[in-house]
Amino acid sequence: MDRLQMLEAICKHWEGPVSLALYLSDAEAQQFLRYAQGSEVLMSRHNVAYHVVYKEGQFYPVNLLRNVAMKHVGTPYMFLSDIDFLPMYGLYEYLR
């Protein structure tokens, strides 16, 4: 939840499809829904898939989250990235 502002920036930089796994509690999932619905950037995108993995335990399951996001990729190629990575403008078109 502390990096949600990065999602809008990524969507501005990356025009291609996105498969995003989110590690959230029930309350955080509701907060994310309100955030996404209030964001012009996120609401204008029709090629972003959100996958909520509900919090369980004290560890952050990085590999599980990556596997969930990768399982739902619908393209022959993918560009794996963490939420902290901001691609250069036009990278999607360049890679295509």
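**Close-up views of a predicted model**

**View 1. Surroundings of Glu28.** Beyond its neighbours within four places in sequence, Glu28 has Met1, Tyr23 and Lys55 in contact with it (contact means heavy atoms within 4.5 Å). The model is predicted, so local features need pLDDT of at least 70 and side-chain atom pairs count only at pLDDT 80 or more, while totals for chains, interfaces and linings use all residues. Residues are numbered from 1 along each chain as its sequence is written, and side-chain values use heavy atoms, with hydrogens and water left out. Glu28 is part of helix H2 (helices, H or I with at least four residues, and strands, E with at least two, are DSSP runs numbered from the N terminus). With a relative accessible area of 18%, Glu28 is buried (buried is under 20% relative accessible area, exposed over 50%, and partly exposed in between, for a 1.4 Å probe and protein chains only). Between the side chains of Glu28 and Lys55 there is a polar contact of 3.1 Å (a pair of N or O atoms within 3.5 Å; within protein, one must be able to donate a hydrogen and the other to accept it, and residues adjacent in sequence count only if both atoms are side-chain atoms).

**View 2. The largest nonpolar core.** Fifteen residues make up the largest nonpolar core, and Leu7 and Phe32 have the most contacts inside it (such a core is a set of buried Ala, Val, Leu, Ile, Met, Phe, Trp, Tyr and Cys residues joined through side-chain atoms within 4.5 Å). Helix H1 (4-13), strand E1 (18-24) and helix H2 (26-37) each give two or more residues to this core. Leu7 is in contact with Leu20, Phe32, Leu42, Tyr50 and Ile83, when its neighbours within four places in sequence are left aside. Another core, of five residues, lies apart from the largest one and includes Ala21, Tyr23, Val53 and Ala69.

**View 3. Cys11 in helix H1.** Cys11 is placed in helix H1. Its relative accessibility is 7%, so Cys11 counts as buried. Residues up to four places away in sequence not counted, Cys11 touches Val41, Leu42, Arg45 and Val48. Met78 is 67 residues from Cys11 in sequence, and the two are 16 Å apart in space, C-alpha to C-alpha.

**View 4. The largest pocket.** The space in the largest pocket comes to about 1,300 Å³ (a volume is the space filled by probe spheres set on grid points, which are joined across faces, edges and corners). Val18, Ser19, Leu20, Ser81 and Asp82 are the closest to the pocket's centre among its 44 lining residues (on a 1 Å grid over the protein atoms alone, a pocket is an open set of points where a 1.4 Å probe fits, with protein on both sides within 12 Å along at least five of seven lines; lining residues have an atom within 4 Å of a point). H1, E1, H2, helix H4 (62-71) and helix H5 (91-95) each give two or more residues to the lining. The largest share, seven residues, comes from E1. By type, the lining has 30 nonpolar, six polar and eight charged residues (Ala, Val, Leu, Ile, Met, Phe, Trp, Tyr, Cys and Pro count as nonpolar, Asp, Glu, Lys and Arg as charged, and the others, Gly among them, as polar).

**View 5. Met70 in helix H4.** Met70 belongs to helix H4. With 32% relative accessibility, Met70 counts as partly exposed. Met70 touches Met78 and Leu80, residues up to four places away in sequence not being counted. Ile83 is 13 residues from Met70 along the chain, and 14 Å separates their C-alpha atoms.

**View 6. Ser44 in helix H3.** Ser44 is located in helix H3 (residues 40-44). Its relative accessible area is 49%, which makes Ser44 partly exposed. A polar atom of the Ser44 side chain lies 2.8 Å from the backbone oxygen of Val41. Ser44 and Tyr77 are 24 Å apart in space, C-alpha to C-alpha, and 33 residues apart in sequence.

**View 7. Gly90 in a loop.** The loop between H4 and H5 holds Gly90. Gly90 is partly exposed, at 35% relative accessible area. Lys12 is 78 residues from Gly90 in sequence, yet their C-alpha atoms are 9.8 Å apart in space.
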